[in-house]
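Have a look at the model first, and then let's go through some of its contacts together.

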Amino acid sequence: MMMNRCGLLNAKKEPVPLKSVEVELEVRDHVATVVSTLNYENQEDKPLEAVFVFPLPGDAAVCHFSAKIGQTQIVAEVKEKQEAREEYDDALSSGQQAFLLEESEQSPDIFTLSVGSLPPGESASIRLEYVTELAVQADEGLRFCLPAVLNPRYQPQGSEGGNVQVTSVQVTSVQVTSVPASLVPYSLSFSARVSSPRPVSKVESNCPLDPLQYLNTEQTQTTVKMAAGHKFDRDVELLIYYKDAHQPSAVVEAGQASSKPGTLMGDPVVMLSLYPEFPQAVMSSVASCGEFVFLLDRSGSMQGARIKSARDTLLLLLKSLPMGCYFNIHSFGSSYEHIFPKSVEYNQKTMEEALKNVEGMEANLGGTEILKPLKHIYSLPCIPSQPRQLFVFTDGEVGNTKEVTNLVKQNSGSHRCFSFGIGEGASSALINGLAKEGGGHAQFITGTDRMQPKVMQSLRFALQPAVVDISVKWDLPKGVSVTALSPPITALFQGQRSLIYAQLTGQSSEASEGCVTVKYSLAGHPSQSQLHFSLKPAEDTGLTVHRLAAQTLIRSLEMEERERRGGEDGGMKKKKVVELSVQSGVSSAFTAFIAVNKGNSEVIEGPLVRRNVPTARMMRSPMPMFCGALVDMCCRMPQPSPMSCDAPMRKMRMGCSMPQYSPMSCGAPLGKRMHMSHNLRFDHGLSVPPPRDPLLQLVSLQKASGCWVLDPDLAAALGKTSEEVEKPKPASVNQEVWATILALIWLHGFKMDAQEEWKLLAMKAVSWLQAQKASCVTECVEAGNTLLGCTVQKDALGL
């Protein structure tokens, strides 16, 4: 039904024109250059306009777009967006072939590619190139993600993207057709080349890879390919590991010879990677205060394993919070809820009440509308001397990304924001944007990843004292000046990379070395990180650093323009973005790539048929979400209409408005359908929960203070009877002390592989034990080891 109505694979089996996607990835240290080639073929008997809406990493700098038809190569130019659209329309109106690539104005990780006037039987090859920084993961791997799944993005009523103007190329920038992966009619080939000053220790992926091929004996260069037969049904995730990865570095890149000195592209640009190391004395002290606000996505797409993992994660988080802090849990979908009207003090009573609520949480709140709950949280007054830490868990499928990140930035002075993208298709623009604008840290949880280790790492970051008074000082030779291209650093975390881009103007005949010093204060301790670097430009870097720097500056200016929208200064920011985008050849929200085959003398006649290219859909929900109105918007049938018309009518479409679609458009209201699906599960007797993870079973028994109680539940969690647990207890020892030591021994003896998950709650248990000033601790540890069959040393427990 969906495919017939969309004209993608209709009753006549008319083919979608995208035949294959080839991706070549080149990674140099922590910077990736991606070249994608999309091969189209018009197998219909009519001229074709193919429209392909696809995702890219949110921080990608698109820097090249070209098309090849037969033997003719056309390289696109970057122009102001409306000018590019009009040129595209004019070309199609006069029967010329044209190509347009533009970024969504609501979400910078969504692009629309229009392939216009492709004659019957003709093939076209589109080449797209972008550069991006690779994020450092919790296990020190660098993460590259090639997004494959673009799920329908929920667009709230009344948001900036709510009334999208229809043009010849952009019905909507964030709503696309998706089909089951088995029916996606195009193939993917993927290869990567990795090089670094440090040896490449391993490369991992969520997709099958051919064996790693090292290109030199130092193992600093390697290639890897995706195994044949991959269906483009998920994000392609690559994790790259270097030996001694956390080393500060600097790359100076020469300017473009054809560009004017004094401009961004004409001058050298330096990219600095800093890894601050904080004093150990400060790091060993964990904050005992703070307001911890957890915001959980409970939209329909979070069903199944995602919502279960989120519940388990909230259990670990609540057990790991320090006594004396404040907390609350908010959740959202089309509406939003909270456990407490405002944040409450963390103690046994409030923890138990929160956990009782968490156990009943389901993915039954409808669509993904994150803006309203964020506004509600920010409307609540902050608690004096309790720094606010916001944790956001979402699968990231929203259409108003820029509106959301702008709100976080406006409130960045009152909190830190830690974000978690859950599952395939999570928007990197949203997840990274929340953390960047909120001075926090972003994590992505995909495939079979356990959510808990990454979340607990972010909690450790949140418990670190906030780094304040951050300043950057440059020491350069006489005659050389510096212009910062990156926004000011607002957050520093132990072992996490901070990137700085700067333009270097002028030359020096004296010294060939520069120095940058980052000064900051941590818990009242002034500290600094320093890096000396050579001013001599590196060889063979292309213009990668310049383009990343340009993209960084463009994003900052776009944010400033949105903040000042409607004002004179806002218009100036937009003008500067356009100038910088055109000069650097890097995409922006206000520009587009346009290529016209002006050498094609043959006029293509007849009305164009519009075909939307589908993306793969993950089969992760038992019901078809967003099925009705969305499909209607995708229809491009060959009869004359505003969507498939002759050339003169194209100009008339500019003022049309698009009807809103609703997540309630599939028969019964979404919330009701969700509720019915849960009832069915219970009616069939399938609601019996699976056996609980032994670690979570033990953790669930810990008290808010950090201790455990000696009772039958604890004995069962340890795999013993009550009598077996009580009998070896030294006579003079308090029951709670004995129970807590047993729990710590079990964690160290049987769950060291999950230490990242329980480290903080174990530290809380040790602090509680030390406060008891208990005697016979050594005797307890020895007796506990004998009981549990372990050999854990007292020192290893931290006692």
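Glu87 and Lys79 are both buried, where buried means under 20% relative accessible area, exposed means over 50%, and partly exposed lies in between (1.4 Å probe, protein chains only). The two residues form a salt bridge, with their closest N and O atoms 2.7 Å apart; the term stands for a side-chain nitrogen of Lys or Arg within 4 Å of a carboxyl oxygen of Asp or Glu. Please keep in mind that this is a predicted model, in which local features need pLDDT of at least 70 and side-chain atom pairs count only at pLDDT 80 or more, while totals for chains, interfaces and linings use all residues. Residues are numbered from 1 along each chain as its sequence is written, and side-chain values use heavy atoms, leaving out hydrogens and water.

**Salt bridges**

- The whole structure contains 18 salt bridges, according to the search.
- Arg298 and Glu337 are joined by a salt bridge of 3.0 Å, N to O.
- Arg298 sits in the loop between β20 (291-297) and α4 (305-320) and Glu337 in strand β22 (residues 336-338), so this pair ties together parts that are 39 residues apart in sequence.
- Arg298 is buried at 6% relative accessible area, whereas Glu337 is partly exposed at 37%.
- Lys372 and Glu369 form another salt bridge, their closest N and O atoms being 3.6 Å apart.
- Lys372 is partly exposed, with 47% relative accessibility, and Glu369 is buried, with 7%.
- Glu103, Lys402, Arg555 and Glu558 belong to one network, joined by salt bridges that share partners.

**Helices α6 and α7**

- The axes of helix α6 (residues 371-379) and helix α7 (residues 401-410) come within 10 Å and cross at roughly 10 degrees; the axes are lines fitted to C-alpha atoms over the stretch in contact, with angles from 0 to 180 degrees between N-to-C directions.
- The two helices, α6 and α7, are therefore roughly parallel to each other, a label for angles under 35 degrees.
- Leu371, Leu374, Lys375 and Tyr378 of α6 make the contact with Glu403, Val404, Leu407 and Val408 of α7, contact meaning heavy atoms within 4.5 Å.

**Around Thr517**

- Thr517 belongs to strand β30 (residues 513-522); strands are DSSP runs (E, at least two residues) and helices are runs of H or I with at least four, numbered from the N terminus.
- Thr517 is buried, with a relative accessible area of 8%.
- Beyond its neighbours within four places in sequence, Thr517 is in contact with residues including Ser471, Val472 and Lys473.

Key: Angles under 35 degrees count as roughly parallel, over 145 as roughly antiparallel, 65 to 115 as roughly perpendicular and the rest as oblique.
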